[in-house]
Amino acid sequence: MTDLPRLEIDADIRRASTLPGSFYCDPAMFERVRDRVFAKSWQFLGDTSAVRTPGSAKPLSLLEGFLGEPLVLVRGDDAKLRCLSNVCTHRGNLVVTETCQRSTLVCAYHGRRFHTDGRMKSSPEFAGAAEFPSARDNLPEIALESLGPFAFAALDPALPFDQFVGDLRARMRSMPLDDVVLDPARSRDYEFAANWALYCDNFLEGFHIPYLHASLNAVVSFEDYTTELFPASSLQVARAKDPRDAFDLSASSPDHGKNVAAYYWWLFPNLMLNFYPWGISVNLVQPLAVDRTRVSFLTYVWNAERLGRGAGSGLDRVEHEDEAVVEAVQRGVRSRLYQRGRYSPTREQGVHHFHRLLAERLR
């Protein structure tokens, strides 16, 4: 890897400058981010509805097109859910290729068999092999944790899971997470020509709402829009102009009486969990290339009667407006005349926080 400049973001937002434009355009920096940020982060795997019974297995690729690590979620005979490498320890074939129900995981290439906890069970034609089998012949187990019905995995986590989700879990403890149901008809993927971090930059500030999102600006109060920072996450709270579009929060909530329209949570580096009165919109940001990104919108509903109103309506329109601007910014940051910008101290605390976390990990 070529030598890259050290990123420095001043801790004082009043004096700090943003990431340099080259950060969003340099293929070498893109590779460094993959290895030092994403390979050490907790990543969203989706809900666990397909692996509820012992022996059920679901293959997946961790950030397909970027990390691309083949994994498999397996509910063991002991009813414990595990995340295992999906790569056979013999010659590297994928072991599980579709969601299935199995008491034993069998590689279709040469017949190596594994228990549902990853231990190798048998391997044909290996009689006489010295020091075989050993621990290296088992399928490696990956760190796996959960938040409500959602599973998260990490190849080499830089921080414990509780530090990753603890602030969100505490703040949203009254939300019926276990009641959410995926609505495939309202879920879809978007791809656009911009760096993944520009998409996060855009998400992390409500500054642009009056200028880009007329429909959203009509239902939330820009003057009351706030940002809160946590060690591995941030929260933007939008208040409803119409109390009928707000959460019905209990007296124990720190936001009781504030007419909250939406909680926009961001978890470092690439996950958004947007809470609305009807449920949760999960936005998983997936880098594909230095200037190409896929975002998966997954809609989980707990109160269908609240759909179609307030901040959580018209998400497709808002997404297209966001895509248009981040693509324009991607073209702009390539300019030889642009270097670094400045942060609005009152509106871009979330962006500044994100950039400082990136700089810290990349050091």
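Analyst: What follows goes through the sheets first, then the loops and their backbone.

This is a predicted model, in which local features need pLDDT of at least 70 and side-chain atom pairs count only at pLDDT 80 or more, while totals for chains, interfaces and linings use all residues. Residues are numbered from 1 along each chain as its sequence is written, and side-chain values use heavy atoms, with hydrogens and water left out.

Strand β9 sits in an open sheet of 7 strands. The order is β1-β10-β9-β4-β3-β2-β5, and the pairing is antiparallel. Strands here are DSSP runs (E, at least two residues), helices likewise (H or I, at least four), numbered from the N terminus. Two strands pair if DSSP finds at least two bridges between them. The edges of this sheet are β1 (43-47) and β5 (100-101). Each has a single partner strand, so one side of each is left without a neighbour in the sheet.

Now the β4 side of β9. Strand β4 (residues 81-85) pairs with β9 (residues 141-147) in the antiparallel sense, over 2 bridges. Leu 84 has Glu 141 in β9 as its bridge partner.

Helix α2 (residues 161-171) lies across β9 and β10 (150-154). Its direction is at about 10° to β9. Axes are lines fitted to C-alpha atoms, for helices over the stretch in contact (heavy atoms within 4.5 Å). Angles run from 0 to 180 degrees between N-to-C directions.

There is also an open sheet of 3 strands, ordered β6-β7-β8 with antiparallel pairing. Strands β6 (105-106) and β8 (120-122) stand at its edges, each with a single partner strand, so one side of each lacks a neighbour in the sheet. Strand β6 pairs with β7 (residues 113-114) over 2 bridges, in the antiparallel sense. Val 106 stands opposite Arg 113 in β7.

Next, the loop between β8 and β9. Most residues other than glycine have a negative phi, and most peptide bonds are trans. Glu 131 is found in this loop. Its phi is near 50°, a positive value in a residue other than glycine. Glu 131 is exposed, with a relative accessible area of 77%. The cut-offs are under 20% for buried, over 50% for exposed and in between for partly exposed (1.4 Å probe, protein chains only). Pro 133 lies in the loop between β8 and β9 as well. The peptide bond from Phe 132 to Pro 133 is cis, with omega near 0°.

Last, the loop between β3 (69-75) and β4 holds Ala 79. Ala 79 is not a glycine, yet has a positive phi of about 75°. At 42% relative accessibility, Ala 79 counts as partly exposed.
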